[in-house]
Amino acid sequence: MVTSLSPDDRGEKATIRRNRLSRCGLCVTVTANVRLLPRLDVPGSKKIGCPFKLEGEYQENTGDWKLTVKDDSHNHDPSQHLEAHSFARRLSQSEQLLVAKLYSQNMLPRNILATIREQNPESSCIKKDIYNAIQKIKNETRVGETPMQILENLLSSKKYVYYTREDPATNTVEEIFFVHPKSFEMWRAFPHVLMIDATYKTNMYRLPFVQVVGVTSTHQSFCVAHAFISKEREENFVWVLLQIKAMLQKCMEPRVIVTDRDKALMNACDKIFPDCSKNLCRWHIHENIAKHCRASFTDEDWANFKYSWSVLCESPTPDIYQYNFNRLYERLYAAKRGRVIHYMTKNWLDPYKEKFVSAWSNKNLNFGQQTTNRVESQHSLLKSYLRNANSSLDRLVGFVDEIVTDQYYQLQFAFGTSLIRKMDSHIAIELFDNLHGKVSHKALNLLENEWYKLSPIRKQNATCGCQLFSSCGLPCACRLASIEATCGRIPLDALDVFWRKLDLKPSFVDDENVDVDKVLGQVRNKIISEPDQVKRSMLSRIAGVVFPSKSNKKAPVVQEDTRGRPTLKKQQQRKQDVARNSSFTGSQQSKCDPARHSSYIASQDSIQASSVIQHRRPTKGKGKQPQDDNAYLGFPLIMGKYAVNNINCFKDSIPSVFHPYISHIQDVNPDGNCGFRSVALGLGLNENRWLFIRQQLLQEMDNKEEWWRTVFDRVAFQEYDMLRHTID
């Protein structure tokens, strides 16, 4: 039956009228005293004033109900569609349990509804009922707890290692670092490789989500650690890496770290892990080149360029690298693609080639990891669970638990396969007899590919370049030939320990037991020595750590701009916006610096604020003629009161000698392209034609590059390149 409230008056009491048809076609009226609650939705009513009344009386001696019909008349026809009545659509107890179970398994509401209808074809529930049931489940799990208490209770119950960092002034959480217990085990077993990257649109607070991924000897990925950070700055990454390093506890440190070209992250890695190799992701480099240079190529030329670029990155020696670079340079120069040459060399090859070109990156162990694609894959996998960008932190952690648990058992399967299974192609090679069941199949596959190089190397009396040995710690073709000529079997010690590890025991661990009594005694002595108010504060913080439900930490604030430190151009643009907005309030002392070209995109609020001009109303006096204040301000040729604000904003930025000759001041949109917009207005065009001005300027510089380079390079070294890069 459907229940609605019918107030007798607008006071404290109301009559509950169940005045819709039930499955049997009856209407019921029961009187009770309840308090009216304020309605938050759109007001409406299901009441139709049906006179039908049925009185129920409970029989205490028998435990039954006695029903008496007081009025059997109706003022409506029987309902034809029960789906319109929430009481008829209600979920049974078993269906509610089914919804809770399927929701915990991350099933979509539409699939939950389909499952219920499959089990009960007569069910009349709709998708709205499923959403309501899910919301009820959420409310029941979160009642009486703050978001941080919910998160910390989950992390504590799942035995996570986690740390938080708060703002001392507000106690608002800024960073959260957590490690799954199985990730802790896998990381200590395989600390050789780290791949780090951040992703976005994963949580309701818009915090960047950092994922750290490792690789096993079977070349399978696993999650090392996760962190929410407030900003992508060096200090934030340093804090995250310090927590990662602390987990090793005398295990061996990473031997290679792969990142994209995030300078804050690169600097943090240099500080925390100074002795390991640092490589840049080739995939990110390729994507950046495509972003800046793809428009300069046809489809066919772009395919040829991508192949030449990959050959250049795979150059095994510096001499071959120089040869491949010269060939690529000549082809680009002949095709008049100087802009591509400039971007490729100045942004990547000159400063960073040692971090991604094989001739240098393969001199140190990297175990074949040249990209962060494994991290990108984990980003994609996590987002396939989330399905939206507004997930709560505890729900995201729940998905991480599912992902890491699955990875753990996949690793156990891969280790077991390498231990008990022999591949036919490996058995056929006698060199591998000592390795079966002792090293991973991936290592044997790499050795097999190297073994096939023996014949051509012997025929040509050449060397293999030893790339596999220096980069992966496996015998290269030269060493295989030597082993074959001497002992005939590859000794196990010839392979790096990375490939010989087929379990999750910590690598080179020196266990150190924690003396709990000693530490707690020191904490107790410290607390006792403090004043009473300090004791209460310290005990409150300790209780919040040991008992997360008592934590008083505040949830993170919703972030607006998290991607790194603002550039100088962005800082100047923001200062200009602040100065301009302050001028609208009537301050005649504010100054607005001329806008510079920048990649900063102003927010909608700032754009609207900067485009507003407040008109000053002239005072009306008896017998007084209105005077033009613009002449008083030093701009006699500018007529009208509308220009007063613009004059006040820009007069200090314009040399006073020009003031008497200026007839118009127009403030263009401060979106980072204001210089081009100003030129467009000066040429009689609309300011929205700024892109045309920019393209024409670049075309002029490219068509007459030699002439303009001569002009600008006289001012300063490579001034032409810097100027063109600024415009582009």
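Student: Which residues make the nonpolar surface patch of about 590 Å²?

Tutor: This is a predicted model, in which local features need pLDDT of at least 70, side-chain atom pairs count only at pLDDT 80 or more, and totals for chains, interfaces and linings use all residues. Residues are numbered from 1 along each chain as its sequence is written, and side-chain values use heavy atoms, with hydrogens and water left out. Patches draw on residues with over 30% relative accessible area and no salt bridge, joining like charges within 9 Å and nonpolar side chains (Val, Leu, Ile, Met, Phe, Trp, Tyr) within 5 Å, while areas come from the Shrake-Rupley method with a 1.4 Å probe, only the protein chains shown counting as cover for residues. The patch is made by Val-519, Val-523, Leu-539, Ile-542, Val-545, Val-546 and Phe-547.

Student: Which element gives the largest share of the nonpolar patch?

Tutor: Helices (H or I, at least four residues) and strands (E, at least two) are DSSP runs numbered from the N terminus, and the elements giving two or more residues to this patch are α22 (516-528) and α23 (532-546). Val-519 is found in α22, but the largest share, four residues, comes from α23.

Student: Is Val-519 buried, partly exposed or exposed?

Tutor: Buried means under 20% relative accessible area and exposed over 50%, with partly exposed in between (1.4 Å probe, protein chains only). Val-519 has a relative accessible area of 42%, so this residue is partly exposed.

Student: Are the rings of Tyr-163 and Phe-177 stacked, edge-to-face or tilted?

Tutor: Rings of Phe, Tyr and Trp (its six-membered ring) pair if their centres lie within 6.5 Å, with planes under 30 degrees apart counted as stacked, over 60 as edge-to-face and the rest as tilted; the structure holds 25 such aromatic pairs. Here the centres are 6.3 Å apart and the planes stand at 35 degrees, so the pair of Tyr-163 and Phe-177 is tilted.

Student: How many residues apart in sequence are the parts that Tyr-163 and Phe-177 tie together?

Tutor: Tyr-163 is partly exposed at 38% relative accessible area, whereas Phe-177 is buried at 0%. Because Tyr-163 lies in strand β6 (residues 161-166) and Phe-177 in strand β7 (residues 173-179), the distance in sequence between the parts they join is 14 residues.

Student: Over which ring does the charged end of Arg-261 sit?

Tutor: A charge sits over a ring if NZ of Lys or CZ of Arg is within 6 Å of the ring centre and within 35 degrees of the ring normal. The charged end of Arg-261 sits 4.1 Å from the centre of the ring of Trp-348.

Student: Where does Glu-687 lie, given its salt bridge with Arg-677?

Tutor: A salt bridge is a side-chain nitrogen of Lys or Arg within 4 Å of a carboxyl oxygen of Asp or Glu, and a search of the whole structure finds 23 of them. Glu-687 and Arg-677 meet at 3.2 Å, N to O. Glu-687 is buried at 15% relative accessible area, and Arg-677 is buried at 6%. Arg-677 belongs to helix α28, so the pair ties together parts 10 residues apart in sequence, with Glu-687 in the loop between α28 (674-682) and α29 (690-703).

Student: Which elements do the buried residues of α17 pack against?

Tutor: The buried residues of helix α17 (residues 441-451) are His-441, Ala-443, Leu-444, Leu-446, Leu-447, Glu-448 and Glu-450. With contact taken as heavy atoms within 4.5 Å, these buried residues pack against α15 (393-420), α16 (424-427), α18 (454-460), α19 (467-472), α20 (477-486) and α21 (497-500).
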